[in-house]
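Thanks for coming, everyone. Have the model open on your screens, and follow along as I talk.

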Amino acid sequence: MTTARKELLSVDATSYHHCVSRCVRRSYLCGKDAQTGACYEHRRRWIGQKIYALTHVYCIDICPYAIMSNHYHLVVNINKGLAAALS
């Protein structure tokens with residue numbers, strides 16, 4: 001059963017959250033795939049730019065982040081001031 005987003009996170013407890021996203025089935029997000037020889041390093045810059053672009057859409061601030069070959073980590077801070085100013 002699904003849960004509403006407002007019930008998943010408690011901004012009162014902490015506004016900082018660690019997010020992780022992984023690739024599946026031996027897929028590569030960035031770097032060189034040893035099996036196929038394909039290089040996906042060009043995606044690293046694109047992903048970083050997309051992360052920062054989304055801060056203007058959502059009320060979050062990006063803290064440390066790391067983009068690895070098959071996953072990435074983000075620490076985000078929910079900007080309560082910006083969220084409260086939304087109509």
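I'll go through the core, the pocket, a loop, a salt bridge and a few distances. One thing before that: this is a predicted model.

Let's begin inside. Which residues make up the largest nonpolar core? There are 9 of them: Leu29, Cys30, Ile47, Ile51, Ile60, Ile62, Ile67, Leu74 and Val76. Three elements each supply at least two residues of this core: α2, residues 42-54, β2, residues 60-67, and β3, residues 71-78. The largest share, 3 residues, comes from β2. Here is the background for that. In soluble globular proteins, nonpolar side chains tend to be buried together.

Pick one core member, Leu74. What does Leu74 touch, once we leave out residues up to four places away in sequence? The list is His17, His18, Cys19, Ile51, Pro64 and Tyr65. Ile51 on that list is itself a member of the core.

Now the largest pocket. Its volume is about 800 Å³. How many residues line the largest pocket? The count is 25. Nearest the centre lie Leu9, Tyr58, Ile60, Val76 and Ile78.

For the lining, the largest share is 5 residues, and α2 provides it. For the core, remember, the largest share came from β2. What is the lining made of? It divides into 20 nonpolar residues, 2 polar and 3 charged.

Next, the loop between β1 and α2. Find Arg25 there. Then find Arg26, in that loop too.

The cut-off for exposed is over 50%.

Stay in this loop for Tyr28. Tyr28 has 26% relative accessibility, so Tyr28 counts as partly exposed. Which residues does Tyr28 touch, again not counting those up to four places away in sequence? They are Cys23, Asp33, Ala34, Tyr40, Arg43 and Ser69. Tyr28 also gives us a distance. Tyr28 and Met68 are 40 residues apart along the chain, and their C-alpha atoms are separated by 9.1 Å.

Let's do another distance like that. Thr14 sits in the loop between α1 and β1. At 36% relative accessibility, Thr14 is partly exposed. Ile78 is 64 residues from Thr14 along the chain, with 8.9 Å between the two C-alpha atoms. And Ile78 is one of the residues nearest the pocket centre.

Now Trp46, in helix α2. Is Trp46 buried or exposed? Its relative accessibility is 52%, so Trp46 counts as exposed. Trp46 and Cys59 are 13 residues apart in sequence, and 21 Å apart from C-alpha to C-alpha.

One more distance. Gly81 lies in helix α3, residues 80-85. Gly81 is at 51% relative accessibility, and so counts as exposed. How far is the C-alpha of Gly81 from that of Arg26? The answer is 41 Å, and the two are 55 residues apart along the chain.

Last stop, the salt bridge. How many does a search of the whole structure find? It finds 1. The partners are Glu41 and Arg44, and their closest N and O atoms are 2.5 Å apart. How accessible are the partners? Glu41 is partly exposed, at 35% relative accessibility. Arg44 is partly exposed too, with a relative accessible area of 29%.

Let me recap. The largest pocket is lined by 25. Thank you.

Notes: Residues numbered from 1 in each chain as written. Predicted model: local features only at pLDDT ≥ 70, side-chain atom pairs only at ≥ 80, totals over all residues. Heavy atoms only, no water. Salt bridge = Lys/Arg side-chain N within 4 Å of Asp/Glu carboxyl O. Buried < 20%, exposed > 50% of the residue type's maximum accessible area, 1.4 Å probe, protein only. Helix = DSSP H or I, 4+ residues; strand = E, 2+ residues; numbered from the N terminus. Core = buried A, V, L, I, M, F, W, Y, C linked by side-chain atoms within 4.5 Å. Contact = heavy atoms within 4.5 Å. 1 Å grid on protein atoms, 1.4 Å probe; cavity = no way out; pocket = protein on both sides within 12 Å on 5 of 7 lines; lining within 4 Å. Points joined across faces, edges and corners; volume = space filled by probe spheres on them. Nonpolar A, V, L, I, M, F, W, Y, C, P; charged D, E, K, R; others polar.
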